[in-house]
Amino acid sequence: MQLNAMMLGGFLFFSISIGGAVALLVSRLFQHTTQGLSLLCGGFLVGLLVNDILPSSLKLYDSWGIVLGVIIGYFLFLILHKSFHPTISLKPSLYLLAIAMFLHTIPLALTIGSLLEDSNFGITLTTSVILHHLPEGFALTIALLSQGEKLWKLFLCFIGFSIFFIIFVWIGHFTNLSDKGQSMLMGISIALIATTSISEFILHNIRTASMKSFLAFLLMGYLLSYVFHIML
C-alpha cells in the first residue's frame, strides 16, 4: 500500500479520536469530577512514561541525547510554567501537555517520512500510527475534561495534532534529522510530560482529595496506561 503524509495524518486523527472516545467513556464513571480526572490523567501519564515512552526511547535513541533533551525540557517547563501561571490558573497543564505530545510525535513522524516510498512498510506504518497515538488521545481528552473545557477545543487540538504530524512526515520525507537531534527532541518531550503530570495534575490536587481517593485515582490511571501498553 502506497501511503502519503495526508493519509497518515488522517489515520492519526482517527487514532487519537478513538483514544478520546475511550476517555469520554471513562470520565462518565467519575461523573466528570475535576480532581478525580486530573489525578487519573496524572497516573496515566506516569504509566505511559514508565511502561512505554522511556523503555522504547532508551532502546531506539541515543541515551546522552535523551539526557540533554530532558535537561532542556525541564528548564523549558519552568519558563512556560512561569509564563502561563500568572494569568491562567489551571490551563497551563493542558497547554504544556499538548506541547509535550506534539514534540513527542516529531521523531516518529520524521522516521515515517523517510520510509514513505517503501511499499513494504505500508501496513506496518499504518498500524504504528493508529496504535501509537491511542494513549495520546486518551491523555489529552482526560486533561481537557478535568479542566471543564469544551469539546470543540479538543477537536481543534486533534486537528492541529494531525496537521503537525503531516508537516513533519513531509519534512522527514525530504530531509534527515540526525539521531542526536531526534534523541534531544524525545528527551524534551519526556521531561515536559513528566513535569506536567507530576506538577500540574498530581501535586496540584494532593490537598483537594483524601489520601484514599488520591491513591485510588492515581493507581487507576496507571493501570489504564498498563492496559493500553499490553493491548497495543
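**Helix pair α2 and α8.** I looked up how α2 and α8 are oriented in this predicted model and found them roughly antiparallel to each other, a label for angles over 145 degrees. Helix α2 (residues 34–60) and helix α8 (residues 179–202) pack at about 160°, with their axes 9 Å apart. Axes here are lines fitted to C-alpha atoms over the stretch in contact, and angles run from 0 to 180 degrees between N-to-C directions. Helices are DSSP runs (H or I, at least four residues) numbered from the N terminus.

I then listed the residues that meet, contact being heavy atoms within 4.5 Å. Those of α2 include Leu 45, Leu 49 and Ile 53, and those of α8 include Ile 190, Ile 193 and Phe 201. By class, this contact has 13 nonpolar, four polar and no charged residues.

**Basis.** The model is predicted, with local features needing pLDDT of at least 70 and side-chain atom pairs pLDDT 80 or more, whereas totals for chains, interfaces and linings use all residues. Residues are numbered from 1 along each chain, and side-chain values use heavy atoms, without hydrogens and water.

**Ser 225.** I located Ser 225 in helix α9 (residues 211–231). Ser 225 is buried, at a relative accessible area of 3%; buried means under 20% with a 1.4 Å probe, protein chains only. The Ser 225 side chain reaches the backbone oxygen of Tyr 222 at 2.6 Å. Beyond its neighbours within four places in sequence, Ser 225 contacts Phe 44, Gly 47, Leu 48 and Asn 51.

**Whole chain.** I recorded nine helices and zero strands. Of the 232 residues, 47% are buried.

Key. Helices (H or I, at least four residues) and strands (E, at least two) are DSSP runs, numbered from the N terminus. Buried means under 20% relative accessible area, exposed over 50%, partly exposed in between (1.4 Å probe, protein chains only). A polar contact is a pair of N or O atoms within 3.5 Å; within protein, one must be able to donate a hydrogen and the other to accept it, and residues adjacent in sequence count only if both atoms are side-chain atoms. Angles under 35 degrees count as roughly parallel, over 145 as roughly antiparallel, 65 to 115 as roughly perpendicular and the rest as oblique. Ala, Val, Leu, Ile, Met, Phe, Trp, Tyr, Cys and Pro count as nonpolar, Asp, Glu, Lys and Arg as charged, and the others, Gly among them, as polar.
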